[in-house]
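Morning, everyone. I have one structure to show you today. Here it is.

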Amino acid sequence: MLPIIICEDNDIQRENFKGFVKDTLIKEDYSFEIKLCTNSVDKVKDYVDNLDSSGIYFLDIDLKSNINGIRLAEYIRKKDPRGYIIFITSHSEMSFLTFKYKVEALDFIIKDNLDEIKTRIEQCLKYIHEIYYSKTTNNNVIILKNEDCLHHVDINNVIFIETSTNAHKIIVHEEKRQFEISGNLKDIAPALGSNFYRSHRAYLINRKKIREIDKKNRVIHMTNGEKCLASFRYIGGLIK
Amino acid sequence: MNQALLMIIMSFCTGLILIITLGNIVNKPFSLLEKGLFGSCLSLLIGISCFTIKILMPFIILIYLFIINRFSCKFSYIKSIMFSVLVSINYFVCDALGNLLCRIIFGKRNDHMLLPLIYIMLTYIFAIFMSKLLGKIISRDKIEDISKNNTIYFIMGNILISFVIVSINYITNKFLNVKDIRIYIANLILFISFIVYAIFMSYLYNKYNVKNLELILKSEELKKIDEYSKTIEHLYESMRKFKHDYKNILLSINYYIEQKQYDELEQYYKNNVLTTKSFIETNDYAFTLKNIKISPLKALIASKLITANNNKINVFVDITEEIEKIYIDHIDAIRLFGILLDNAIEACIETEDKKLNFGAVYRGNSLVFIIENSCLPDTPPIFRLMEKGYSTKGEGHGMGLSNVKEILGNYENSTFNIEVANGIFRVEIWMRLIDVNLT
């Protein structure tokens, strides 16, 4: 059960949003509940000070100024690291990158017209419902950290991991993205499970993503087209 | 018998030394296999020419080195010729030096057992040392290729002159049948001082080049800041005009309301206010980089984003906190963002959305730069784009992303992430804040 918190200083709009959320909850029968619907930043802060579980937050950033919105969201994020923060704002130019990277906001809804807002609220709640339930049953998602950057990684999406030219860093390759994290292949291997095989000093590959093994040149072709190396010592273990 | 054996050994060593020094000078050291292979081939050729037509030997060496340069190292014709000449000259100079020193050490004992050995060792040591030095000088500045070529010509010229001096001295002495060792020593000292002088001059010239380039960069930067200021002023002007028009509109609306002329009000609203609304929504030049406090960076980014704007790209800049320091070298940062923004602009020009977002956020102990651009659905996969030399734009391109990776590889406090999702290409550069005094 996830609590929903709404913070919006315009009374009419606040009632509107509350209505939209309620409608969606009833229609889709999500097990979420509106716990707080207020215009006061302090009440939200008090709530997060005493919270007992992660929540869903709909915030209007225009609360006085952009900076206040950031501060409030940062505060919430500190107290509720896994909560879902969604911003609703009339700025067509709001700092969505800042919010996304500073507080990992889930989404931004622009107050253009009421129908749009309703649809977007529905979409957000649907998305949260999907992740929330798949997260609790999905053991394949691990969190990889690189200093201040958190990556949610589904192990099944990882094609291979290689060492980076930067010392003490490794590069994770997925189909649609690549990112660096600090660490080394040896330490991360246990967390990834038995499908991952260390084929080379610099490569840790996902067996399920192997397309073809070139034994002669000791090169492994992965499903996304990339090539990994295998060393003399380890290629034997792969052929099996 | 002994002579023949000696010649064979000498040719072998010569071949090997030439190949190794070649690797050092062009800064692309050969693998063991390549060294063995190329070295033996060359030694063979030298040996053959030694036993047959001695005069052909230098030519054979030059041609062989040229072939290696052109086909194995893949240099252009001019560079191949230059490098083969440089390597040959380097070798002959060091050979002469070795010869000279041997004379000094062994004097008249021409058939001393150790003579060939010491001779080869000395030549080898000098050649390796000189080639490494030359290699270092040639690759010193990382800024422009043009100045690199100049430096090479300069060094080549110097070495050529030294070689000429040495040869003339040697030949003259031989001709005059000079036996006095002191003349040779004097020559040696002269020669060494000249080499030192030449190297020193190259170094100074290099420094001058670098300074010159810095000046050029600075003036470029000033031009960009100029362009940026003009843009801001232009924006300010349109803002002022808008405020003025807006005030008028409000007054008119006020008038209609006071007069209770609601129909006319509706007409007025439809005809005048709705049209200005479209002005609010078109974002021409509506971005500001006022939070970037680093001048050269601001200039570069402004210039790129203005170009983007001129190409009808929707630019959005999101920098809400002041950035006074970045934790990588400024020149590297400029190259980095130059490449990334160029890529972004080129990619999103071809799309319908034409979105380009540039943001910078402090998160915890790091500063993240984000560049997002809309991209076509048939964008090649990420690893392809990162390959050196891969490009959809033809020859000479494709160095971008691999260069970015190289630049960032030098900084252990930086991280580079790429993602392609839902038609948006996103690059993140994370820089951990460190307490180091960088420029």
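This is a predicted model: local features need pLDDT of at least 70, side-chain atom pairs count only at pLDDT 80 or more; totals for chains, interfaces and linings use all residues.

Chain B has 12 helices and five strands. The chain runs to 439 residues, and 41% of them count as buried. Now look at contacts in chain B between residues at least 6 apart in sequence. Of these, 67% join residues at least 24 apart.

Next, the helix pair. Two packed helices are described by the angle between their axes and the distance between the axes. Find helix 10 of chain B, residues 330–349, and helix 12 of chain B, residues 400–409. They pack at an angle of about 155°, and their axes are 10 Å apart. Over 145 degrees counts as roughly antiparallel, so helix 10 of chain B is roughly antiparallel to helix 12 of chain B. The crossing is left-handed.

Who makes the contact? On helix 10 of chain B, it is B:D332, B:R335, B:L336, B:I339, B:L340 and B:N343. On helix 12 of chain B, it is B:G400, B:L401, B:N403, B:V404, B:I407 and B:L408. By class, that contact has seven nonpolar, three polar and two charged residues.

Last stop: B:N291. It sits in the loop between helix 8 and helix 9 of chain B. Is B:N291 buried or exposed? Its relative accessibility is 11%. Buried means under 20%, so B:N291 counts as buried. Its side chain reaches the backbone oxygen of B:I319 at 2.6 Å. Set aside neighbours within four places in sequence, and B:N291 is in contact with B:I319, B:T320, B:E321, B:E322 and B:I323.

Definitions and conventions. Residues are numbered from 1 along each chain as its sequence is written. Chains are lettered from A and ligands numbered from 1 in the order in which they are written. Side-chain values use heavy atoms; hydrogens and water are left out. Axes are lines fitted to C-alpha atoms, for helices over the stretch in contact, and angles run from 0 to 180 degrees between N-to-C directions. Helices (H or I, at least four residues) and strands (E, at least two) are DSSP runs, numbered from the N terminus. Angles under 35 degrees count as roughly parallel, over 145 as roughly antiparallel, 65 to 115 as roughly perpendicular and the rest as oblique. A crossing is left-handed if the near helix is turned anticlockwise from the far one by less than a right angle, and right-handed if clockwise. Contact means heavy atoms within 4.5 Å. Ala, Val, Leu, Ile, Met, Phe, Trp, Tyr, Cys and Pro count as nonpolar, Asp, Glu, Lys and Arg as charged, and the others, Gly among them, as polar. Buried means under 20% relative accessible area, exposed over 50%, partly exposed in between (1.4 Å probe, protein chains only). A polar contact is a pair of N or O atoms within 3.5 Å; within protein, one must be able to donate a hydrogen and the other to accept it, and residues adjacent in sequence count only if both atoms are side-chain atoms.
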